[in-house]
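Please consult the sequence and the structure shown here while reading.

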Amino acid sequence: PLAAQTLSGPESLDYDAFGERYLISNRSAGQILARSAAGTLSVFTDDPGSPAGLEIVGNVVYVADGGFVRGYRLSDAVRVVNHAVTGATFLNGLSSDGGTRLWTSDFSGQRLHELDLGNFPTVTHTTPIGATGFQPNGLWWDRRNQRLLLVSWGSNARVFGWQPGQSA
């Protein structure tokens with residue numbers, strides 16, 4: 001349903017080039033909003049309970065939602081992925097290599113999880129970093145250097161680089 005909306009605890013956003021809109025996790029309202037080029041906000045979906053990080057891969061927007069990574073088709077907001085990340089406490093940031101790898105930070109659990117999207121819609125995951133030693137917040141895939149950047153939380157937050165396959 002489309003309706004006028006306001007931002008209530010925005011956490012993350014990603015640009016949907018095909019739909020020419022921004023998708024915004026509206027955390028406090030439990031929604032993902034769409035912001036059109038004209039600036040109009042509408043509800044993309046009100047399915048997630050507490051959406052945090054967003055990442056668009058192909059025709060799906062993924063959202064970190066508590067202990068789940070959920071995926072919604074961009075064309076109609078139908079949920080096509082509902083993956084429980086075993087042991088996750090508070091999934092927060094999301095980033096991808098633009099292909100089959102999607103990473104999510106576990107803020108409270110201080111872990112990094114990697115999801116394999118290669119057999120979509122079936123999703124599997126591993127935990128390449130089981131103890132970061134800090135609260136990982138935001139993530140960013142650095143294509144040029146083929147590494148994932150992890151931003152820690154708190155005052156004097158630091159940025160850490162990790163390359164897939166590297167031991168933590």
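Predicted model: local features only at pLDDT ≥ 70, side-chain atom pairs only at ≥ 80, totals over all residues.

## Nonpolar cores

The largest nonpolar core comprises 15 residues. Within this core, the residues with the most contacts are Tyr62, Val69, Leu91, Leu102 and Leu117. At least two core residues come from each of strand 5 (51–57), strand 6 (60–65), strand 9 (91–96) and strand 11 (111–119). Strand 6 makes the greatest contribution, with three residues.

## Surroundings of Leu102

Which residues does leucine 102 touch, when those up to four places away in sequence are not counted? Among them are Glu55, Val57, Tyr62 and Val69. Leucine 102 also touches Leu94, Ser95 and Ser96, as well as His113, Glu114, Leu115 and Leu117. Of these contacts, Tyr62, Val69 and Leu117 are named, like Leu102 itself, among the residues with the most contacts inside the largest core.

An open sheet is formed by four strands in the order 5-6-7-8, with antiparallel pairing. Strand 5 and strand 8 (79–84) each have a single partner strand and stand at the edges, so one side of each has no neighbour in the sheet. On average, neighbouring strands of this sheet are turned by 20° against each other, direction ignored.

Strand 7 (residues 68–73) pairs with strand 8 over five bridges, in the antiparallel sense. Opposite arginine 70 stands asparagine 82, which belongs to strand 8.

Methods: Residues numbered from 1 in each chain as written. Heavy atoms only, no water. Core = buried A, V, L, I, M, F, W, Y, C linked by side-chain atoms within 4.5 Å. Buried < 20%, exposed > 50% of the residue type's maximum accessible area, 1.4 Å probe, protein only. Contact = heavy atoms within 4.5 Å. Pairing = 2+ DSSP bridges. Axes fitted to C-alpha atoms, helices over the stretch in contact; angles between N-to-C directions.
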